Structure formats: structure tokens, C-alpha cells
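Please look over the sequence and the fold below, and then follow the explanation through them.

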Amino acid sequence: MSNDHMPSMDMHAHPAHLQPDPAPDTPGFHGMLLFGEGTAYLSHLPMFMPPHNYQAFFEVTLTKAGSDPFADYVKDRSETQTRMYAFAPSGPPFVLTDLVAGTATPPQLNSFPGTIWRGHFEEGHFEPKGTPMLENVIAQVTNVIYFQKLALPATTETTLEYLLLGKVDELYMAHVISGPPDFDQVLHVAVTGHTFTAAELQHGVKVTTGNTNAAEHKLVEFEHFLAPGEAHSAGSDGSPTIPIELRAGGECYFETSDLLPMQ
């Protein structure tokens, strides 16, 4: 995306995460992307097949007996400049929706064990398979930022859309997945022109561009552009349109092979 094709952006706070689908899923292995340097975040790596047809972002704490796995991971990322880190659950298969509270019930599951990988935990992806770095790590979910079931059959949205998440001093953009073929992407971003509050960021801020939803139109790391937008607080009809400036930083993850139409 270049300054010659600057989109307008409609930015609004995503409301509290969706309630899980009442239809039960079967337990499964749910691999995650691990990112964040001041706070740990897990992004479920989705596919267009049950029980993996969910896009979800979790704020977590990472603990391990006798060590600080988050500090170890951040140090390793800084020293090796590795692009992708993953979290591969190592306990019994679980139902992803158990991590989400129901209308009147707390989540049935709020933590799970796993291994932090430097690189991907399996072959056959845009990101190469890496090596296990830290085993027996407990991921404790402290906030479900975004939880969206990918409907099957799904229809791909025509407009490129991202979710802005993180903290005021550490922001990320994640591509919002809709239907096949699609792509998964997470990258650092800096925003000027408006300071999003912790309350706005708690469940993410949707950013809709005027570009077509296709991998070739994705945000490019270290790209700088200026675009107008509309920022709305959750539950509000809107606020005045404000100009924002986005500077895309390093890309943490990009994948298309998991999001092709299933045969």
C-alpha cells in the first residue's frame, strides 16, 4: 500500500468479544502465534475447518517453574531477531470455546500448558519450522481480546480490514479473516494523531481500509502512510473523524496456506 493509493479508514472499537457458538466443538490441538514484548499475546492459527475455524486473540501471562519464560522469550527475540514465535499446547486436546465466557457463565478453561517454539512448530508454512525453546510453560488467559467464529461455508469480505490491539505504548495490527482464500498477518504498528485508551484497546479497534481484501494489498512492514479515520468508543455511535498516521513496523507473522478453501 503506497501513498499513491491512500485508503480512507473507518476505525471503531470492536465490542466485547462474541459469545461462543452454543453448538459444541470437539477437542483439538490449537496452535498459537506468540507475540508481544511488553505483554504476551497468543493468536489462534485458524483454518476453514472445525474445530479450528476461529480467529482469536488472547492476552496471557506465561509462567514456568523456576524461570520467567516471557523474559526468556523476549531476550531470545531480541538476540536472534527471529520473526515468528509459536506456542504449541502440550496438554490434552481442548475445546477452544472453553476459553470464552458464556452469557452468564465464566470460562470453563483459563490456562493450558505448552511449548514456546522459535519459529513455527510444524512444516509446510510460509514461516519455516523452528526449534522448541521452552517446555512446560503455562499460558494463563487474562483477557479475550477478540473471538470470532469463521462461518462455514464462509464468504470472503471484499474490504481489507484489520484489528488494532495491544497497549498504548505497544500496538499491533492483525488482519481480520473472513472466508477462503484469505491470509493471516500480524505486524507492529505505530499510530499518531490519536491515542487509543486501554478501554478502547481491550477488545481491539477495527480498521477498515478502502483496499480490496487480498494478500497482495496487505500492509507492508516498515510502510508509512497517512489516512483519515473515524474512531468510536465501544457502545458509541461515533466520534468526530480524526486524521491518523500509521507506520507499519516489523511483521511477526504471515500465512496463506492454512486459509485456502478446504477440499
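His-52 counts as buried because its relative accessibility is 17%, and the cut-off for being buried is under 20%. In this predicted model, His-52 belongs to the loop that runs between strands S3 and S4. When neighbours within four places in sequence are set aside, the residues in contact with His-52 are Phe-29, His-30, His-44, Pro-46 and Met-47.

From this single residue we can turn to the chain as a whole. The protein chain contains two helices and 13 strands, and 51% of its 263 residues count as buried. Among contacts with a separation of 6 or more, 74% are made by residues 24 or more positions apart. The accessible surface of the chain amounts to about 11,800 Å², and carbon and sulfur atoms hold 55% of that surface.

In soluble globular proteins, nonpolar side chains tend to be buried together. Here the largest nonpolar core comprises 25 residues, and Phe-58, Leu-62, Phe-87, Phe-112 and Ile-116 have the most contacts inside it. At least two residues of this core come from each of S2 (32-35), S3 (40-44), S4 (54-63), helix H1 (69-80), S5 (85-89), S6 (111-118) and S7 (131-149), with S7 giving the most, namely six residues.

Phe-112 shows how such contacts reach across the sequence: beyond residues up to four places away, Phe-112 touches, among others, Met-32, Leu-42, Phe-87, Phe-94, Leu-99, Val-137 and Val-141.

Conventions:
Residues are numbered from 1 along each chain as its sequence is written. This is a predicted model: local features need pLDDT of at least 70, side-chain atom pairs count only at pLDDT 80 or more; totals for chains, interfaces and linings use all residues. Side-chain values use heavy atoms; hydrogens and water are left out. A nonpolar core is a set of buried Ala, Val, Leu, Ile, Met, Phe, Trp, Tyr and Cys residues joined through side-chain atoms within 4.5 Å. Buried means under 20% relative accessible area, exposed over 50%, partly exposed in between (1.4 Å probe, protein chains only). Helices (H or I, at least four residues) and strands (E, at least two) are DSSP runs, numbered from the N terminus. Contact means heavy atoms within 4.5 Å. Accessible areas come from the Shrake-Rupley method with a 1.4 Å probe; for residues, only the protein chains shown count as cover.
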